[in-house]
Amino acid sequence: MNQITKRFQNKLNIASGRVDMTHGAGGRAMNDLIEQLFHKHLHNDYLDQKNDQAILPAPAAHERLVISTDSHVVSPVFFPGGDIGSLSVHGTVNDVAMSGARPLYLSAGFILEEGFPLADLEKIVISMAKAARDAGVAIVTGDTKVVEKGKGDGVFISTTGVGVVPNDLDISGANAKAGDAVLVNGTIGDHGVAIMSHRENLAFETEIVSDSAALNGLIADMVAAVPDIHVLRDPTRGGLASTLNEIAQQSQVGIKLREDDIPVRADVQAACEFLGLDALYVANEGKVIVICPQEQADAALKVMRAHPLGKEAAQIGVVHDDKDHFVTMETVFGGGRIVDWLNGEQLPRIC
Amino acid sequence: MKYVNEFRQKDLARTIAQNIAAEVRPGRDYHIMEFCGGHTHAIFRYGVQDLMPDNVHFVHGPGCPVCVLPIPRIDNAIELCEKHNVILCTYGDMMRVPASKKKSLIKAKAEGADVRMVYSTQDALEIARKNPDREVVFFAIGFETTTPPTALALRQAKKEGLMNFSVFCNHVLTPSAIGHILDSEDAVADPAVKLDGFLGPSHVSSVIGSQPYEAAVAKYKKPVVIAGFEPLDVMQASLMLIRQINDGRCEVENEYNRVVTREGNLKAQKLVAETFELRDGFEWRGLGWMEKSALKIKPAFADWDAERRFELSESKGKDVKGCACPEILRGLKKPLDCKLFGTICTPENPQGSCMVSSEGSCAAYWSYGRFRGGDEGKETAA
């Protein structure tokens with residue numbers, strides 16, 4: 001009888017079990033998964049209410065709500081310096097924080113592929129829990145769906161973040177002005193190269209780890225010290241080059257870079273050399289482009305360098321008037337070039 | 001990794017630029033064709049033109065392997081995966097090259113064809129080993145640089161008895177292309193746009209050596225300086241070429257002597273000779289039909305030759321009307337002379353092959369310097 005009761009409770013076999021179609025069917029198996037895996041690691045007052053929604057307190061009168069959403073499909077799901085779980089927290093926390101906001105809550109939607117190991121799923125959820133705790137946000141509601149084998153790639157995670165921003169703070173990609181300084185908080189291209197070094201058909205030995213990190217702490221320090229920040233944006237997919245082009249378009253300005261001033265790790269540069277890539281176009285997950293008046297650049301750099309995520313912060317360029325809204329660069333060689341949007345996907349050159 | 005930044009030093013570049021400025025004669029122009037896409041890429045990526053005097057002009061040559069492959073061969077590659085249901089392994093750049101009927105390998109893939117991007121022939125062999133029930137074809141393209149790895153794959157496949165693997169061979173030969181360009185130079189009536197000399201291929205020459213250019217230099221009386229792909233290489237080799245032109249000399253000189261010897265890589269040459277033989281002729285995009293300008297797989301390796309194994313149709317695919325790639329590949333036009341450039345033809349939506357690879361001159365113009373206009377000139381904003 002005891003044995004039957006135990007089976008009825010259906011303790012998840014996390015060590016060697018795998019996701020099957022019942023885990024997404026809405027029945028007991030799904031409930032087991034939610035209880036024994038998601039709630040166990042992610043619990044907080046909102047999640048513990050076990051409703052289909054979380055009811056959140058209203059923001060203060062001097063604040064506005066900020067919301068952002070992001071889907072994560074990274075392959076491989078575990079990579080040096082992070083995994084899809086921590087990435088799904090960092091990505092959305094950063095998107096919310098780029099308005100100058102304080103991120104508070106996250107929702108998380110999981111699409112699991114039949115056959116995905118429960119042990120890996122648990123590792124991912126534990127990693128999400130830690131990332132959320134470290135960033136000071138709570139995962140307050142979630143959803144799980146299972147798709148048949150072959151219809152997903154292990155696990156996809158969508159997160160939506162909610163935060164609050166003071167009414168008087170106006171940070172936007174449209175605010176860059178001629179004369180502004182363009183800053184970045186550290187080396188570029190680390191994330192993309194770390195991921196590539198672990199792709200199945202490309203594995204190469206390197207100590208490069210992803211820069212995946214929640215930037216809301218750094219942003220809070222900056223907003224406090226340099227209230228006149230014009231633009232904050234994280235250069236994720238498409239890299240620094242594409243993000244600067246977005247800003248140039250949105251603000252109707254040109255941006256001039258100095259290649260000598262752009263921080264790139266030597267091993268990232270080496271990997272880009274032999275892969276035929278340009279670090280300017282390689283993804284980052286813990287970097288922020290900061291655009292502020294030139295006279296406040298030193299103050300901003302000082303705050304950035306005092307933060308663990310901004311030790312290698314540098315001014316990489318300036319904003320100027322340009323009717324074509326080009327991003328241009330003085331190369332390490334002393335010549336000039338434009339820095340275009342990423343076209344298609346960065347494909348390796350063959351010779 | 002060492003020797004990356006060493007060849008990109010600004011101070012050395014300035015010194016060479018001063019030497020070039022002192023060497024060039026006012027009142028004449030210098031038309032230098034950089035043969036390889038790698039040179040074109042370096043010139044644009046680092047802004048080399050900005051450091052050159054106004055009367056030195058780079059003319060972009062046909063040395064981009066993706067750019068010179070004609071549409072019918074890409075149609076055949078698509079046919080291999082769509083009709084013969086093979087796993088087609090290809091270098092990344094080939095994926096987006098437009099073929100007939102606005103198709104490309106990347107579009108075929110989206111429609112269900114099994115196209116895999118690989119980084120080396122070894123990846124393709126591994127895919128064949130892992131999929132014994134499927135036919136796996138390696139889409140072999142490129143000049144002499146990429147031929148030895150293909151040769152090695154053929155030899156390995158034969159040794160292992162890997163019967164589900166084959167090679168669709170499209171390897172082409174550099175000296176034929178240089179000869180062809182110089183032949184068609186005779187037809188150029190305007191002496192002001194005639195080529196004065198060549199920056200010779202770097203990686204290709206590491207395999208074939210500098211010796212194969214000697215005949216062309218003797219025959220056509222145009223100097224060649226073999227140049228590496230780093231921006232300092234391009235500048236130093238340009239200086240050497242300008243000196244030859246000023247002295248009235250016509251020699252094969254080797255700037256890239258840290259890698260290239262006169263004889264080249266004999267081991268690689270032996271490997272290629274063991275597996276490949278000359279084709280009677282081959283169609284090049286832009287340059288047309290050229291005799292003895294490409295390689296085919298030797299009969300001893302016939303079992304691994306996709307052209308023998310699969311029946312391929314004769315495609316009559318032609319370039320998009322108005323596309324100036326043929327003239328651009330021969331140095332007769334610049335990308336900005338093409339009316340499709342930047343209108344319907346961009347790297348996102350390439351109409352011609354020169355817009356696809358980052359080594360193609362149209363893509364380089366678009367990505368690094370489209371705003372400069374004219375002679376990729378001096379209006380740089382940076």
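Biologist: How many bridges join strand 4 of chain A to strand 5 of chain A, and do they run parallel or antiparallel?

Modeller: This is a predicted model, so keep that in mind throughout. Nine bridges join the two strands, and they run parallel. Strand 4 of chain A covers residues 102–113, and strand 5 of chain A covers residues 138–147.

Biologist: What is the bridge partner of Phe110(A) in strand 5 of chain A?

Modeller: Thr144(A) is the partner there.

Biologist: Which unit do strand 4, helix 4 and strand 5 of chain A make?

Modeller: They make a β-α-β unit, and it is right-handed. Helix 4 of chain A spans residues 118–135.

Biologist: Let's zoom out. How many helices and strands does chain A have?

Modeller: Chain A has nine helices and 13 strands. Its radius of gyration is 22 Å, close to the 20 Å from the globule rule for 351 residues, so chain A is as compact as a globular protein of that length. The C-alpha trace of chain A spans about 80 × 60 × 35 Å along its principal axes.

Biologist: What percentage of the residues of chain A count as buried?

Modeller: Of its 351 residues, 50% do. Look at the contacts in chain A with a separation of 6 or more: 85% of them are between residues 24 or more positions apart.

Biologist: Which domains does the assignment give for chain A?

Modeller: It gives domain 1 (2–166) and domain 2 (180–338). Their C-alpha centres lie 29 Å apart. The contact between them takes 21 residues from domain 1 of chain A and 20 residues from domain 2 of chain A.

Biologist: On the side of domain 1 of chain A that touches domain 2 of chain A, which elements give two or more residues?

Modeller: Helix 3 (84–97), strand 4 and helix 4 of chain A. Helix 3 of chain A gives the largest share, eight residues. By class, that side of domain 1 of chain A has 12 nonpolar, seven polar and two charged residues.

Biologist: Now chain B. How many helices and strands are in it?

Modeller: Chain B has 14 helices and 13 strands. Its radius of gyration is 21 Å, close to the 21 Å that the globule rule gives for 382 residues, so chain B is as compact as a globular protein of that length. Along its principal axes, the C-alpha trace of chain B spans about 65 × 45 × 45 Å. Buried residues make up 55% of chain B.

Biologist: What domains does the assignment give for chain B?

Modeller: Domain 1 is 5–64 + 174–254, domain 2 is 71–171 + 266–309, and domain 3 is 325–369. The C-alpha centres of domain 2 and domain 3 of chain B lie 25 Å apart. Seven residues of domain 2 of chain B are in contact with nine residues of domain 3 of chain B. On the domain 2 side of that contact in chain B, three residues are nonpolar, one is polar and three are charged.

Biologist: Last topic. How many residues of chain A are in contact with chain B?

Modeller: 29 residues of chain A are in contact with 39 residues of chain B. Strand 9 (254–258), helix 8 (266–275), strand 12 (327–330) and strand 13 (336–338) of chain A each supply at least two residues of the chain A side.

Biologist: What classes of residue are on that side of chain A?

Modeller: The side of chain A that touches chain B has 11 nonpolar, 10 polar and eight charged residues.

Note on methods:
Residues numbered from 1 in each chain as written. Chains lettered and ligands numbered in written order. Predicted model: local features only at pLDDT ≥ 70, side-chain atom pairs only at ≥ 80, totals over all residues. Contact = placed C-beta atoms within 7 Å. Helix = DSSP H or I, 4+ residues; strand = E, 2+ residues; numbered from the N terminus. Nonpolar A, V, L, I, M, F, W, Y, C, P; charged D, E, K, R; others polar. Domains from an automatic or database assignment. Rg over C-alpha atoms; globule rule 2.2 N^0.38 Å. Buried ≥ 20, exposed ≤ 12 C-beta atoms within 10 Å, placed from the backbone. Pairing = 2+ DSSP bridges. Right-handed = clockwise from strand over helix to strand, strands pointing away.
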